[in-house]
Amino acid sequence: MKRLAFATLVYNWGCLQELDGPEARIADYFDVIAGTSTGALITAMLAAPDEKKRPLFAAKDITTFYLENGPKIFPQRKIGFLEPVANLLSVMRGPKYDGAFLHGKIKSLTHDVRIADTVTNVVVPAFDVKYLQPVIFSTYEAQHEPLKNAHLSDICISTAAAPTYFPAHFFRTEGPNGKSREFHLVDGGVAANNPTMVAMSMLTKEVLRHNPDFRPAEYGNFLIISVGTGAPKQAEMYTAPKCAKWGLLRWLYDGGFTPLIDIFCHASADMVDIHAKVLFEALGCEKNYLRIQDDSLVGHTSSVDIATKENMEALIGIGRELLKKPVARVNIDTGMYEPVAGEGNNEQALERFARKLSDELKLRMKNFNSY
């Protein structure tokens, strides 16, 4: 789905296994894993239980999953010089893809698992088109609201239902006393393309509920790793003089891209990054928030659905290069990511996080065994 840069970055989490053994999994270390769209599918793979109540996937297996399934999720059509016209007609008729393979794959992975069953807490946003409001699914919410304890497959299908690409998803949940609730959902990216602040809000909500697992909100104790799927900002795809001439059709579709959707998604994600940067800077703990994002994608690598072997391998290469790039934070005036002096590269930052996470897990286990 979407882009693969994240899938390569997870290779680096092998350092957790070097610290704590080959059975270590990302879900063992994080109180919350949040994801939108393709991030939700990765979240499900990292947090859904297998028959032994352990995560379905190790992080290193995710790249293989995308390489094998990406071309089937986004089947490429060879239409030659008529391709732009064919794509435009396809978008006018309905969703570009029927989602049948994607839906079947998600269901075969998660079976009847519900969000309350995940091995660690997860947070997945979607958007309800009937009521025009975001819907946030989380392990926490499912414990308090049975009607939001939906199947993980329905949640993942919903948050991946990007308008114009996949059909909206309808499902119904049943609760006690014969109550039920309907959901009419599309891609959570229309509301929270970067779900960092949504996850923080869910944790804060648990504090307000006096959840014994959480002390009063001390954001200085948060460790957040936010991984983007890449952005074509520096490609300068759109300009004011160009957009000034567009009518409704060109805003919806232009040369294989969907400008209006792209703009909304980037705006949503970037606003979160700005809020998070300012918040952690105000708290004096900037190093606790690591954002890894490539904002220089060009050509096919900036597209959502070009799942050719060549393009996917190029995205894997971009992911590997991201590890070597310096730690960067967004400049709130320009929107560009700028290197931070003295913090090394992303690979080194991830290794520092891994050591902190390992130490914290060992401390928790020690405290647990002392009871």
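Predicted model: local features only at pLDDT ≥ 70, side-chain atom pairs only at ≥ 80, totals over all residues.
Residues are numbered from 1 along each chain as its sequence is written, and side-chain values use heavy atoms, with hydrogens and water left out.

Let's start with the record. UniProt, in an unreviewed entry, lists Ser37 and Asp187 under "active site"; such positions are given in the numbering used here, feature names are shortened, and annotations may be inferred rather than shown by experiment. They're spread over 151 residues of sequence, yet they cluster in space, with a largest C-alpha distance of 6.1 Å. Ser37 sits in the loop between strand 1 (32-34) and helix 3 (38-47). Asp187 is in the loop between strand 5 (180-186) and helix 9 (189-192). Helices (H or I, at least four residues) and strands (E, at least two) are DSSP runs, numbered from the N terminus.

Here are some burial values; buried means under 20% relative accessible area, exposed over 50%, partly exposed in between (1.4 Å probe, protein chains only).

| Residue | Relative accessible area | Class |
|---|---|---|
| Ser37 | 7% | buried |
| Asp187 | 5% | buried |
| Ser268 | 14% | buried |
| Phe280 | 1% | buried |
| Tyr289 | 6% | buried |

Neighbours within four places in sequence aside, Asp187 is in contact (heavy atoms within 4.5 Å) with residues including Ser37, Thr36, Phe127 and Pro163. Ser268, found in helix 13 (residues 259-282), touches Gly189, Ala191, Ala192 and Asn193, again leaving aside neighbours within four places in sequence.

Now the rings. Rings of Phe, Tyr and Trp (its six-membered ring) pair if their centres lie within 6.5 Å; planes under 30 degrees apart count as stacked, over 60 as edge-to-face and the rest as tilted. That rule gives 11 aromatic pairs. One of them is Phe74 with Phe166, tilted at 5.6 Å centre to centre and 40° between the planes. Phe74 lies in the loop between helix 4 (62-73) and helix 5 (83-93), and Phe166 in the loop between helix 8 (152-159) and strand 4 (169-174), so the pair ties together parts 92 residues apart in sequence. Both Phe74 and Phe166 are buried. Phe280 and Tyr289 make a stacked pair, at 5.5 Å centre to centre and 20° between the planes. Phe57, Phe65 and Tyr66 form one aromatic cluster.
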